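Here is a short note for a colleague who is new to this structure. Please read the points with the model open.

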Amino acid sequence: MKSAIVGLGVIGNVHKSLINKLGLNLVAVCDVDEHKLDSIDGVQKFSDYITMLDTVKPDVVHICTPHFLHADMIIEALSRNINVLCEKPLCIKFEDIDRILSAEKSSSAQLGVCHQNRYNKENVFLKNYLKDKNIVGGFANVVWNRDEKYYAQAEWRGKWNSEGGGVLINQALHTLDLMQWLVGMPFELTSNVSNLSLKNVIEVEDTASILCFGEKNFTFFATNAGCSDFPVSITIKTDSDVIQTFKNKVFTSDAVFDFDKDKNVYGKCCYGTGHQGLFADYYDCIETGRKFEIDGAEASKVIRIILSAYKSLGEKVKI
């Protein structure tokens, strides 16, 4: 199969490294900044992704561009029956969810979205551990630090029209996705979002709290205004146990489960190590015709939660 990448920023280069690591066939790359193409050899290079899709006709295109570009790029590729593996978020507007799902339904290709934390060993364990448990509810928090220098690295960051939000849609999306995956998709929520530390720097929120109501309820807190990056934690209560998970560890009332630390970290440490497992699974699905689990409908769940949280303004809203 022929693979191509659109977007050669930090995450695009993670995709490039993993494509090579897995022995896949990268044939083309695309970026509007042609300087990013200079150091890449052995593949076709493009500055326009439509031209790349029509010229190369890849079997799989990896979309690694700023958030606001994802929806249209997904739809263009699917309309050509080209399989898509897109970085999060799926999109940043409610109306784009329906557009993407419609394009997915009309296409013979598969859409996959990089919610790679579902492939982390501790989260795979926790999902299986909870299968026969009666969940009461859950709580998760993400306390990180993103300062003015971080937002200055790229013009699209920190703006509603291009990033689509702040800590929720960027840094905390993966943990919020894990919560709905483990506890269940909520029907309603109440949320408050605010900018506590970067009022003159970014338009979007740096802090958010959400109460999620469904068959099982959960509470979520995220901030980029921490004094440092702290470990993400998830706590889930069942009728007989309290389970807490951190990176490479799961604690229950009776035991501690340790998982070998994966030394092969690609990109920033906060990306985790799940990309390799996700890539391998996605490409196996394409080869065998098996359905990839994190498709448009599945990836849209966390987007619906996030966009509803932005809409809430402290009032209960339906998702």
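1. The largest nonpolar core has 92 residues, and M52 and F220 touch the most other members. Such a core is a set of buried Ala, Val, Leu, Ile, Met, Phe, Trp, Tyr and Cys residues joined through side-chain atoms within 4.5 Å. Buried means under 20% relative accessible area, exposed means over 50%, and partly exposed lies in between (1.4 Å probe, protein chains only). Helix 9 gives the most to this core, with eight residues. A second, separate core has five residues, among them Y150, Y151, I202 and V204.

2. A word on the basis. This is a predicted model: local features need pLDDT of at least 70, side-chain atom pairs count only at pLDDT 80 or more, and totals for chains, interfaces and linings use all residues. Residues are numbered from 1 along each chain as its sequence is written, and side-chain values use heavy atoms, with hydrogens and water left out.

3. Which residues does F220 contact, leaving aside its neighbours within four places in sequence? They are A140, V142, L168, A172, T175, L176, M179, A208, S209 and I210. Contact here means heavy atoms within 4.5 Å.

4. A140 sits in strand 7 (residues 135-143). A140 is buried, because its relative accessibility is 0%. Not counting residues up to four places away in sequence, A140 touches T175, M179, T219, F220, F221, S233 and I234. A140 also lies 6.1 Å from T235, C-alpha to C-alpha, although 95 residues separate the two in sequence.

5. Now the overall build. The protein chain has nine helices and 15 strands. These are DSSP runs, numbered from the N terminus: helices are H or I with at least four residues, strands are E with at least two. The radius of gyration is 19 Å, close to the 20 Å that the globule rule gives for 319 residues, so the chain is as compact as a globular protein of that length. That radius is taken over C-alpha atoms, and the rule is 2.2 Å times the number of residues to the power 0.38. Of the 319 residues, 53% count as buried. Among contacts between residues at least 6 apart in sequence, 69% join residues at least 24 apart.

6. Is E87 buried or exposed? E87 is buried, because its relative accessible area is 6%. Its place is in strand 5. Beyond neighbours within four places in sequence, E87 is in contact with I11, H15, I63, C64, H70, V113, C114 and H275. E87 and G12 are 75 residues apart in sequence but 9.0 Å apart in space, C-alpha to C-alpha.

7. Check the peptide bond between K88 and P89. This bond is cis, with omega about -5°. P89 lies in the loop between strand 5 (83-87) and helix 4 (94-106).

8. Two backbone angles need a look. N81 is not a glycine, yet its phi is positive, near 60°. N81 is in the loop between helix 3 (70-79) and strand 5. N81 is partly exposed, with a relative accessible area of 43%. L313, also not a glycine, has a positive phi of about 55°. L313 is in the loop between helix 9 (296-312) and strand 15 (317-318). L313 counts as exposed, because its relative accessibility is 69%.
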